[in-house]
Amino acid sequence: MGALPVFRWHLAPDGYATRRQLRARNLRPGGQDVAAQLERPRRRRPPLVAYLYRVDLAKPVRPMTPAKWAALAKANAARRVCPACRRDAGYVIPPSLGTCTPCAYPTPAEPLRSS
């Protein structure tokens, strides 16, 4: 494989797309090699690079099977269970907290009243 054609940012010719652009069209690279690359220059840093694939060689996205849907549902359900209290939080637990909100920020005990 020789040197890839390099295009400036926003100046790629028609017929090329990034992985995200292919996915938006319900396509995938389908085993093809990178056909070209985009470069976005930056000051005092190396350029940002995006790899391009040929749209005419792209293949349709494979459909989800019932087993894949079930595995995805199980994985998403596991992200909702708090590891500390083992309850379903009702939302995906943020990795920054690691636990549900009540476990991460417990309410302080009632202050004692002096009489």
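Predicted model: local features only at pLDDT ≥ 70, side-chain atom pairs only at ≥ 80, totals over all residues.
Gln-32 touches Tyr-53, Arg-54, Leu-57 and Ala-58, leaving aside residues up to four places away in sequence; contact here means heavy atoms within 4.5 Å. The residue sits in the loop that joins strand E3 (27-28) to strand E4 (36-42), where helices (H or I, at least four residues) and strands (E, at least two) are DSSP runs, numbered from the N terminus. Gln-32 is buried, because its relative accessible area is 15%; buried means under 20%, exposed over 50%, and partly exposed in between, with a 1.4 Å probe and protein chains only. A polar atom of the Gln-32 side chain lies 3.2 Å from the backbone oxygen of Pro-29.

Residues are numbered from 1 along each chain as its sequence is written, and side-chain values use heavy atoms, with hydrogens and water left out.

I turn to the charged pairs. The structure holds 2 salt bridges, each defined as a side-chain nitrogen of Lys or Arg within 4 Å of a carboxyl oxygen of Asp or Glu. Arg-54, one of the residues that Gln-32 touches, meets Asp-56 at 2.7 Å, N to O. Arg-54 is partly exposed, at 35% relative accessible area, whereas Asp-56 is exposed, at 55%. Arg-80 and Asp-88 form a salt bridge at 3.2 Å, N to O, and Arg-80 is partly exposed, at 30%.

Next, the aromatic rings. How many aromatic pairs does a search of the whole structure find? The search finds 1. The ring centres of Phe-7 and Tyr-16 are 5.9 Å apart and their planes stand at 50 degrees, so the pair is tilted. Rings of Phe, Tyr and Trp (its six-membered ring) pair if their centres lie within 6.5 Å; planes under 30 degrees apart count as stacked, over 60 as edge-to-face and the rest as tilted. Phe-7 is partly exposed at 21% relative accessibility, and Tyr-16 is partly exposed at 25%.

Finally, two places in loops. Met-64 lies in the loop between strand E6 (59-60) and helix H2 (66-78) and is partly exposed, with 38% relative accessibility. Pro-95 is in the loop between H2 and helix H3 (101-104). At 82% relative accessibility, Pro-95 counts as exposed. Its C-alpha atom is separated by 33 Å from that of Gly-31, 64 residues apart along the chain.

Methods:
Polar contact = N/O pair within 3.5 Å; in protein donor to acceptor, adjacent residues only side chain to side chain.
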